[in-house]
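Please report on the spaces inside this protein and on its nonpolar surface.

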Amino acid sequence: MDLCGISSVDVHRCSRHLSKQPEMKEKTSFSVVKYIFFGFNVFIWLLGCGMLSLGVWLQLNRTPHVSLMPTHAFLSASALCITAGAIVLVVGFLGCCGAFLENQCMLVGYFVMVLLIFTMEVTAGCLGFLKKDELRNVIHQELLLSIQQNYQSDETVEKESVYHSTSDKNKPDDWFRVIDGLQSELQCCGVNNFTDWYNIKAWPNEQKVPDSCCKQPEEGCGQLEPRFWFKDGCMGEIDYFFSRNMYILGVVGITVAVVQILGMVAAVVLFCYIRSNRFFL
């Protein structure tokens with residue numbers, strides 16, 4: 001039947017076209033979310049590869065960043081980089097493959113892992129805030145023990161290096177260079193003050209400090225009078241550094257949390273879309 005020049009065939013075609021428009025918009029939205037999610041997780045995967053490689057390199061080379069807390073070796077920079085890198089690598093892999101292959105199992109695995117990481121971060125943050133004094137005391141005691149028992153002078157290292165090749169894993173740790181760098185950068189000396197360096201294992205019965213404690217560092221200045229040294233301890237300077245930059249840590253923490261939440265939401269959206277399409281097909 002033809003009414004006003006419009007046939008029933010035209011009406012049918014128009015209705016089919018209108019019915020397809022929501023479906024096309026839905027597919028377009030899905031594609032946008034899918035490829036943004038994929039690209040983001042490619043970046044996460046590359047970041048995990050970098051962190052893992054850095055951790056392995058630190059472990060193999062036994063660089064100064066390994067043993068600042070002697071009784072907590074699992075908190076060394078190499079161990080933390082390897083652990084964090086492996087986790088981030090797996091998360092990025094699940095996100096990339098789950099989005100690209102539209103695999104529901106991988107998307108579920110991605111969501112679960114990100115949720116666990118988010119939960120652990122929130123738990124660690126709450127515990128750190130509630131037990132900050134206890135945590136500070138542990139770090140204080142560990143740094144003090146490192147200075148008193150594990151610090152080695154340059155002369156000691158040179159003597160011991162004669163008996164150890166550069167590839168020997170039992171060679172003396174030169175982590176003390178990090179302590180020296182920390183003291184020079186923060187302009188501090190010792191944990192509490194310069195007296196922490198008196199009579200340590202590296203120089204028993206001697207009241208001197210490393211040259212990094214000097215206001216104007218030069219060879220042998222650590223054996224001069226205390227007026228040439230920094231008076232403040234590094235623990236106080238570290239406390240001041242964190243309190244001064246607390247807002248930066250807060251912004252970084254909130255940003256990471258928002259990114260993780262958005263990642264979980266995107267994974268749920270992709271999962272639901274894939275599941276509904278496959279169910280109805």
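What volume does the largest cavity have? About 70 Å³. The model is a predicted one.

Helix H4 (132-150) and helix H6 (176-186) are the elements that give two or more residues to the lining of the largest cavity. H6 gives the most, with 3 residues.

Leu143, Ile147, Ile179, Leu182, Gln183, Gly190, Val191 and Cys234 line this cavity. By class, the lining has 6 nonpolar residues, 2 polar and no charged.

The largest pocket holds about 1700 Å³ of space. It is lined by 45 residues. Closest to its centre are Glu121, Ala124, Gly125, Leu249 and Gly253.

Several helices supply at least two residues each to the lining of the largest pocket: helix H1 (8-61), helix H2 (77-100), H3, H4, helix H7 (234-244) and helix H8 (246-280). The largest share, 11 residues, comes from H3. The lining of this pocket divides into 32 nonpolar, 8 polar and 5 charged residues.

## The surface patch

Val108, Val112, Leu116 and Met120 make a nonpolar surface patch. The area of the patch is about 350 Å².

Where is Val108 placed? Val108 is in helix H3, which covers residues 104-130. Why does Val108 count as partly exposed? Its relative accessibility is 38%, and partly exposed residues lie between the buried limit of 20% and the exposed limit of 50%.

Methods
Residues numbered from 1 in each chain as written. Predicted model: local features only at pLDDT ≥ 70, side-chain atom pairs only at ≥ 80, totals over all residues. Heavy atoms only, no water. Patch = residues over 30% accessible without salt bridge, like charges linked within 9 Å, V, L, I, M, F, W, Y side chains within 5 Å. Areas by Shrake-Rupley, 256 points an atom, 1.4 Å probe, with all protein chains shown as cover. Salt bridge = Lys/Arg side-chain N within 4 Å of Asp/Glu carboxyl O. Helix = DSSP H or I, 4+ residues; strand = E, 2+ residues; numbered from the N terminus. Buried < 20%, exposed > 50% of the residue type's maximum accessible area, 1.4 Å probe, protein only. 1 Å grid on protein atoms, 1.4 Å probe; cavity = no way out; pocket = protein on both sides within 12 Å on 5 of 7 lines; lining within 4 Å. Points joined across faces, edges and corners; volume = space filled by probe spheres on them. Nonpolar A, V, L, I, M, F, W, Y, C, P; charged D, E, K, R; others polar.
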